[in-house]
Amino acid sequence: MATVTAAPSAARASGTRTPKGPRGSGTGKGGPLTYVVAYLFVGLCLAPIAYIVVGGFRTNAQITADPSGLPDPWQVANYVEVLGSSLFWQQLGNSVVAALLTTLGVVVLGLMASFVLARYAFFGRAAMYSLFAAGLMFPMTVAITPLYIMIRSLGLMNSVGGLVLPQIAFALPTTVIILVPFLRAIPREIEEAASIDGASRLGFFFRMVVPLSLPGVVTVGILAFVASWNSYMLPLFILNDETSYTLPLGVQAFASQYSVDTARVLAFTSLSMIPALVFFSLFERRIVGGLTGAVKG
Amino acid sequence: MSVSQGMSQDAASPSTTTPEDRAGSGGGAGAPTPVPAERPRRGGHGRWAQRAEIAVLAGPALVVFVTFVIVPVLMAAYYGFFKWKGFGPPTEFVGFENYLIIFRDAEFLAALQHNAFLVVMSLVVQGPVAVGVALLLNRRIRGRSVIRVLVFVPYVVSEVIVGTGFSLMLATNGAVNDLLEKMGLSFLAVDWLADPDVAIWTLLLIISWKYIGFAVILFLAGLQGIPEELGEAAAIDGATYWKTQRYVTLPLLGPTLRIWAFLSIIGSLQLFDLVYIIWGQYVAATAGTSTMATYMVANGRNSGNFGYGSAVAVVLFLVSLAVALVYQRFVLRRDTEGALTGGKK
């Protein structure tokens, strides 16, 4: 997705066009019908989420008696119980650690490799780019069976490393594809100026490239974070001990363990989506900005 | 996103970027072949320094990528020729037997059909709706930025949460059927998850709900790239709003639409999480929602047949590759100039 969107933004970055920002460029004003349709669509998007969150405030008796009703009275017991369980916090911690390490790894490794691909001319550059790009054709689904065996023989089962390393590897293709145009768009005059001022290629990298490519880096980082936070298949294969579970596996285990306790499952589920939603709403502007906006340099 | 895009970008790179890359040498634009950019002031020494820089910068990413992506994929191709339970090195070479079994297995063929159904119907359902919503949200309406965030929420929420929530909601005595009954539509209340005639449509509904926000955001980003002046010019020429959208906006949105369609197709082919979470490996087959990926996990690792599972992975890959190449050949090729390389100076 970002190939399409990052490229125009790179063009804008090089000064061909000043973006007006996401707000000012709509065509036409919306009539009442526009509002109705828009709110209806948003309602449909949010209804299942609302069902989960609100359902957590009900008791099982309420849910059985009236499956689609509202809480009456509102109960916080389910949420309190989940928040009091050490397993929830343990799994939350696992998810946070895995997501942060994945993001860090993707950003650091991806930025360095993209810099080489974007701004060094050397024999084999095209081949290296194609290798990374080819990675887009290999989703984790294809590699998961041998990957599981490899992780097992490396002794990394149930460990953060067994989770994070493959996640970094599989995020690299997208990262490289997004960052290379960003790094290419940095005007060569800046590099010349830095060179005249005595900066080496590496100095240029740390002092100019890293700050200038920040919007791209943020986009890539967020994508990696969210992918890791939500990842299911790899943890399913790698983690088989409840204390090493990340939240998605935790939710599933909880749902099957307490399948009769619907209200508590709903509470556990809604609590586990809060971090991702908070993270997303914090960085929403950066995401859309990174996809559509401009490098301010 | 595909190999092909990568290659097209790459094919364009020597001519478009070499001048930039060689900026350090002060040589300006030369022949469009990637020659190592030597820096005159360092002489022959600079070449080695540059190689060291390349190795230090690109090395770690390459090592991680090759170890955890390329090697496993190659191993899958290798294991696929063996009958192997996953312990010790594979020894029982069976040639193409695994592949013959796959294509004779009615269960796999059914899974393949489900994938095909989802590929087509996801495009048909999500595409028009997402374009409509994106056009709507591109107008000046109050609370637009909030709406944009909310539309994206289903995409951000994890598959497990979506799966858990929907299985509870869509249970026979769940909220959806209860709601239909209250509205006097009890004839519409069906067994959403277990009825083989209905389940695949339910799956389609859930997928569409989950991923349509992504399409909307992508299209909105594409719409932002279309200069407002074009719409104004069309309006001056007497075009109505709808005509402007149809003849000006939509064609210009073409590249974004085609990339989205590609991502959607590949995603549908490799669908695993939602099916496995909601239906599980056994029910998915009987409810008619199994996909190639759930088939692979059920008949591979879960039954200890690692050779067979790897062979299924190879088939899954080849099917995706074939679709990607055909798509690239007939649909994406027209975009490779404009959408993918046009942005780079």
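In chain A, 80% of the contacts between residues at least 6 apart in sequence join residues at least 24 apart. The model is predicted. Chain A contains 14 helices and 0 strands. Its pattern along the sequence is α-α-α-α-α-α-α-α-α-α-α-α-α-α. The chain has 297 residues, and 54% of them are buried.

Now turn to chain B. Here there are 15 helices and 2 strands. Chain B has 345 residues, of which buried residues make up 47%. Take its contacts with a separation of 6 or more: residues 24 or more positions apart account for 63% of them.

Next, the core. The largest nonpolar core holds 179 residues. Five members touch the most other members: Leu172(A), Ala134(B), Val216(B), Phe219(B) and Val312(B). Set aside its neighbours within four places in sequence. Val312(B) is then in contact with Ile102(B), Met292(B), Tyr295(B), Met296(B), Asn299(B) and Gly300(B).

Helix packing in chain B comes next. Start with helix α4 of chain B, residues 106-137, and helix α8 of chain B, residues 199-224. Their axes lie 7 Å apart, and the packing angle is about 40°. Roughly parallel would require an angle under 35 degrees. α4(B) and α8(B) are therefore oblique to each other. The crossing of α4(B) past α8(B) is right-handed. Its contact residues comprise 20 nonpolar, 4 polar and no charged.

Stay with α8(B) and bring in helix α5 of chain B, residues 144-156. The axes of α5(B) and α8(B) come within 6 Å and cross at roughly 135°. Roughly antiparallel would require an angle over 145 degrees. So α5(B) is oblique to α8(B). α5(B) passes α8(B) in a left-handed crossing. From α5(B), the residues that meet α8(B) are Arg148(B), Val151(B), Phe152(B), Val153(B), Pro154(B) and Tyr155(B). From α8(B) come Trp209(B), Lys210(B), Tyr211(B), Gly213(B), Phe214(B), Val216(B), Ile217(B) and Leu220(B). This contact of α5(B) with α8(B) has 11 nonpolar, 1 polar and 2 charged residues. Val216(B), one of the residues on the α8(B) side, is also among the core members that touch the most others.

Now cross between the chains. Helix α2 of chain A, residues 32-55, packs with α4(B) at an angle of about 125°. The axes of α2(A) and α4(B) are 10 Å apart. Roughly perpendicular covers 65 to 115 degrees, and roughly antiparallel begins over 145. The pair α2(A) and α4(B) is therefore oblique. α2(A) passes α4(B) in a left-handed crossing. On the α2(A) side, Thr34(A), Val37(A), Ala38(A) and Phe41(A) take part. They meet Val133(B), Leu136(B) and Leu137(B) in α4(B). By class, the contact of α2(A) with α4(B) has 6 nonpolar, 1 polar and no charged residues.

Most residues other than glycine have a negative phi. Asn158(A) is not a glycine, yet its phi is positive, about 60°. Is Asn158(A) buried or partly exposed? A buried residue needs 20 or more other C-beta atoms within 10 Å. Asn158(A) has 15 C-beta neighbours inside 10 Å, so it counts as partly exposed.

The next stop is Ala134(A), in helix α6 of chain A, residues 125-134. Ala134(A) has 17 C-beta neighbours inside 10 Å and therefore counts as partly exposed. Ala134(A) and Pro173(A) are 39 residues apart in sequence. In space, their C-alpha atoms are 7.7 Å apart.

The last stop is Ala77(A), in helix α4 of chain A, residues 77-83. Ala77(A) has 13 C-beta neighbours inside 10 Å, so this residue counts as partly exposed. Exposed would mean 12 or fewer. Ala77(A) lies 205 residues from Leu282(A) in sequence. How far apart are Ala77(A) and Leu282(A) in space, and what is the value C-alpha to C-alpha? The distance is 29 Å.

Terms used: Residues are numbered from 1 along each chain as its sequence is written. Chains are lettered from A and ligands numbered from 1 in the order in which they are written. This is a predicted model: local features need pLDDT of at least 70, side-chain atom pairs count only at pLDDT 80 or more; totals for chains, interfaces and linings use all residues. Axes are lines fitted to C-alpha atoms, for helices over the stretch in contact, and angles run from 0 to 180 degrees between N-to-C directions. Helices (H or I, at least four residues) and strands (E, at least two) are DSSP runs, numbered from the N terminus. A crossing is left-handed if the near helix is turned anticlockwise from the far one by less than a right angle, and right-handed if clockwise. Ala, Val, Leu, Ile, Met, Phe, Trp, Tyr, Cys and Pro count as nonpolar, Asp, Glu, Lys and Arg as charged, and the others, Gly among them, as polar. Two residues are in contact if their C-beta atoms, placed from the backbone, lie within 7 Å. A nonpolar core is a set of buried Ala, Val, Leu, Ile, Met, Phe, Trp, Tyr and Cys residues joined through C-beta atoms within 7 Å.
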